[in-house]
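This report goes through charged pairs, aromatic pairs and a surface patch. Please have the sequence and the model open while reading.

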Amino acid sequence: MLSEEEIQKLISDNEYLQIQINDLNEMLEIRNEQVEVLRSKNRKMSEMQSTLENNLEEFSYMQHFIGKQQQKVKQYARREEEMETELIESISMEKEYYTIRDQFESKNIALQDVNNQLDEIPALTKELAQEKRKIAELESSLDILKEENDLLQHEIAKLKRQIAVLKEKD
């Protein structure tokens, strides 16, 4: 039979283990929140990648459009040379030329924007890879904490059984 001092020590140890379990549970909750933040970042990266892919499609369309516009500019230039004597048509062609040039400049600006966004892809990809590594590390830590928690739960159950056995003997 256990002495009062041994029982008090077991109770004290049990309370200490309960505090440790609470601390571990809080740590686990914090880790879960961190994992959720990383998952959120991952979703945002996927959204950004989707936006970038859409921008790339628009870029391809703009290149095609610019190519067509450049062909038109060449056609207009030839016509202008052939129709120098017809002043009204020449003025009309000139106005159209300036419109196309403005569109071309606008498309070039848009193309520069897309190129700037393309330049950001490697950094974003690297950041995504780092975030994935962090997620893997956190998931590994979470698994370890779960195992440790299970072990502590098992130890607590064992101690509770011992306490119950001790109480029955009293």
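## A salt bridge within one helix

Lys-9 and Asp-13 form a salt bridge, with 3.5 Å between their closest N and O atoms. The term means that a side-chain nitrogen of Lys or Arg lies within 4 Å of a carboxyl oxygen of Asp or Glu. The two residues are 4 apart in helix α1, and therefore about one helical turn separates Lys-9 from Asp-13. Helices here are DSSP runs (H or I, at least four residues), numbered from the N terminus.

Lys-9 is exposed at 52% relative accessible area, while Asp-13 is partly exposed at 30%. Buried stands for under 20%, exposed for over 50%, and partly exposed for values in between (1.4 Å probe, protein chains only).

The model is predicted: local features need pLDDT of at least 70, side-chain atom pairs count only at pLDDT 80 or more, and totals for chains, interfaces and linings use all residues. Residues are numbered from 1 along each chain as its sequence is written, and side-chain values use heavy atoms, leaving out hydrogens and water.

## Other salt bridges

The whole structure holds 5 salt bridges. One of them joins the side chains of Arg-39 and Glu-139, at 3.5 Å from N to O. Because Arg-39 is in helix α1 and Glu-139 in helix α2, this pair ties together parts 100 residues apart in sequence. Arg-39 is partly exposed at 38% relative accessibility, and so is Glu-139 at 33%.

Arg-101 and Asp-102 also meet in a salt bridge, 4.0 Å from N to O. Through shared partners, Arg-101, Asp-102 and Glu-105 are joined into one network.

## Aromatic pairs

A search of the whole structure gives 2 aromatic pairs. Tyr-61 and Phe-65 are stacked, with 6.4 Å between centres and 20 degrees between planes. Rings of Phe, Tyr and Trp (its six-membered ring) pair if their centres lie within 6.5 Å; planes under 30 degrees apart are stacked, over 60 edge-to-face, and the rest tilted. Tyr-61 and Phe-65 are 4 residues apart in helix α1, so about one helical turn lies between them.

The rings of Tyr-97 and Tyr-98 have centres 5.6 Å apart and planes at 65 degrees, which means that this pair is edge-to-face. Tyr-97 is partly exposed at 37%.

Glu-155 lies in helix α2 (residues 87-169). Glu-155 and Leu-17 are 138 residues apart in sequence, yet their C-alpha atoms are 9.1 Å apart in space. Glu-155 is partly exposed, at 32% relative accessible area.
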